[in-house]
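Subject: Model handover and notes

Hello,

Here is the structure for you to look over.

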Amino acid sequence: MMTATSALVIALILSPSQFSYAQSNRMSLSDFLNQVKQGHQGFQASQKTIESSEQRAGESKLSTRPSLLGSAQYLNDKRETGSPLQGDEMTSTSYSLGVKQTTDFGLEAKLLYNHVNMSLPGANTQFVPLTSYYTSGPVVELTQALGRNWLGAETTATQDLIASQVQASKFGESYKQKQLLAQAESAYWRLAIAREAVSATKETLGRAEKIRQLSGQRAKLNLGNQSDFLQTEANYLARSLELQTALDEERAASRNFNTMRGLDEEIVMEQVALLDEKVLQSLEVPRRDQYRDDVKAAAYQKSLAEANSRLGEEKNKPNVSLFGTYGLTGRDGDSNEALKEGMKSDHPNYVVGVKVDIPLSFGTLDDVRQGYRKEAMAAGLNYQRKVFEQERSWKDLTNQFKDSLGRYQLAQRMEKAQRGKLDLERTRQTRGLTTIFQVLQFQQDYANAQLARLRSQAEVVNIYAQLKTFGGGL
């Protein structure tokens, strides 16, 4: 007849989460990471942001690229003019088409062609021979900044600001991706180690069950005392509790594993495996880039703050500009004739002038400039701190990695030693040369050694995953 405790161990050992994946497809770490890249919405969002940044790389140049200008306007003016010669009504239809470009040194140039049809229905034809006529001709307009945006300082600052924003976003999201993949790699190893721990704990529970049964039989035959049986019973229950804890950890690791790849499921059907012992021991510190992606992002944040500081100072400078226009004009009652005359230099016109706009709040302006400069200084200090933390983190992780490899090797040796000690003691126990208590103690020592080896292995692969976030490949 099956006892309650026997039923418990069978239920634990034959847990569905344990045998369901045994005959499933094996999933490598690279396969899992590919699934994370495809199924994790956060990773996909970062990827879209990176693609967006790459496509926006030329956005900063748009401010100095040519653009098309055009307008069309109809006017009907019936206001009283007070002139009996002109009349009280004027209508016009005007068109303008051209190009505009701002240079890197702050010169704005426009080349336009204007065509206007003017009509004065109420004009006295005796004094106004043309009551309906066309005016056409090209116009060149030039404006050169002399104060604000002198030599294109504001234009350059705006370009640097946009370019830095784009690059900071790109490298910031790239670092998020690497961190996310490191978390995914840890999730993979967590599940593999959890399953290995379940397997080891089941093995320990099976041995505890055999000793418990043997002790129970001996107690019934009066070949052993009741205290030995109670001791084996307590050991068996303790190992059952350990197995239940290991199964709980496996379920938690499975949920985390599926969450990383975007699945709302409790069980992982695929097989996962730890690194081969030789492969694990042969791992070396991976190569690295000079700067981690988050440090690169901080560098562009520094450039962004500096550009924003220059832009803020330029916007608050006196706005002084020299401007000039030069145009040709043709006028005729016939549209085609007006167009022809507009390309001749018989009736030129030009304007030259200076525009001035000077802020008068000098105290406030000085405070604003100082504020922008301090923002740039803060970004510089933040970048320096990022570089410092990167180097410290790299040194700490490399030292931890080497130390964890040493601990793993020691844990392996200890596991083998504890296994040999247990096998020898079990042989001695069958010959009546030792006590059950000693065998139970050695079993526990071996189980602890197995778990210590798994913990050391987890430490190695998790630190190695973090080292890979520094870039540079393996």
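Helices (H or I, at least four residues) and strands (E, at least two) are DSSP runs, numbered from the N terminus. This is a predicted model, in which local features need pLDDT of at least 70 and side-chain atom pairs count only at pLDDT 80 or more, while totals for chains, interfaces and linings use all residues. Residues are numbered from 1 along each chain as its sequence is written, and side-chain values use heavy atoms, with hydrogens and water left out.

**The loop between β4 and α5**

Two residues stand out here. L151 lies in the loop between β4 and α5. Its phi is positive, about 55 degrees, although L151 is not a glycine. L151 is exposed, at 52% relative accessible area. Buried means under 20% relative accessible area, exposed over 50%, and partly exposed in between (1.4 Å probe, protein chains only).

N149 sits in the loop between β4 (132–145) and α5 (153–220). Phi of N149 is also positive, near 65 degrees, and N149 is not a glycine either. N149 is buried, with a relative accessible area of 12%. For background, most residues other than glycine have a negative phi.

Start with α4. It covers residues 41–55, which is 15 residues. The expected span of a helix is 1.5 Å times one less than its number of residues. For α4 that gives 21 Å, and the end C-alpha atoms are 21 Å apart, so the two agree.

Which residues of α4 are buried? They are F43, S46, I50 and S53. Seen down the axis of α4, the buried residues fall within an arc of 80 degrees, so they line one face of the helix. The arc is that of the directions from the helix axis to the C-beta atoms. On the other side of α4, Q41, K48 and Q55 are exposed.

L29, F32, L33 and V36 are buried in α3. Down the axis of α3, its buried residues fall within an arc of 100 degrees, so they too line one face of the helix.

Now the packing. Helix α3 (residues 29–39) and α4 pack at about 70 degrees, with axes 5 Å apart. Axes are lines fitted to C-alpha atoms, for helices over the stretch in contact, and angles run from 0 to 180 degrees between N-to-C directions. The two helices, α3 and α4, are therefore roughly perpendicular. Angles under 35 degrees count as roughly parallel, over 145 as roughly antiparallel, 65 to 115 as roughly perpendicular and the rest as oblique.

V36, K37, Q38 and G39 of α3 make the contact with Q41, F43 and Q44 of α4. Contact means heavy atoms within 4.5 Å. By class, the residues of this α3–α4 contact are two nonpolar, four polar and one charged. Ala, Val, Leu, Ile, Met, Phe, Trp, Tyr, Cys and Pro count as nonpolar, Asp, Glu, Lys and Arg as charged, and the others, Gly among them, as polar.

**Helices α8 and α10**

How do the axes of α8 and α10 cross? The axes of α8 (residues 293–315) and α10 (residues 362–430) cross at roughly 170 degrees and come within 8 Å. So α8 and α10 are roughly antiparallel. The contact residues include A298, K302 and A305 in α8, and Y372, A379 and Y383 in α10. In total, the contact of α8 with α10 has nine nonpolar, seven polar and eight charged residues.

The span of α10 is also worth checking. Its 69 residues should span 102 Å, and its end C-alpha atoms are 98 Å apart, which agrees.

- S215 is in helix α5. S215 is buried, at 2% relative accessibility. Leaving aside neighbours within four places in sequence, S215 contacts D228, F229, T232 and I436. S215 and E141 are 74 residues apart in sequence and 106 Å apart in space, C-alpha to C-alpha.
- T103 is in the loop between β2 (90–102) and β3 (107–119). T103 touches T64 and T155, not counting residues up to four places away in sequence. T103 and T434 are 331 residues apart along the chain, and their C-alpha atoms are separated by 94 Å.
- L241 is in helix α6 (residues 226–260). L241 is exposed, at 58% relative accessible area.

Best wishes
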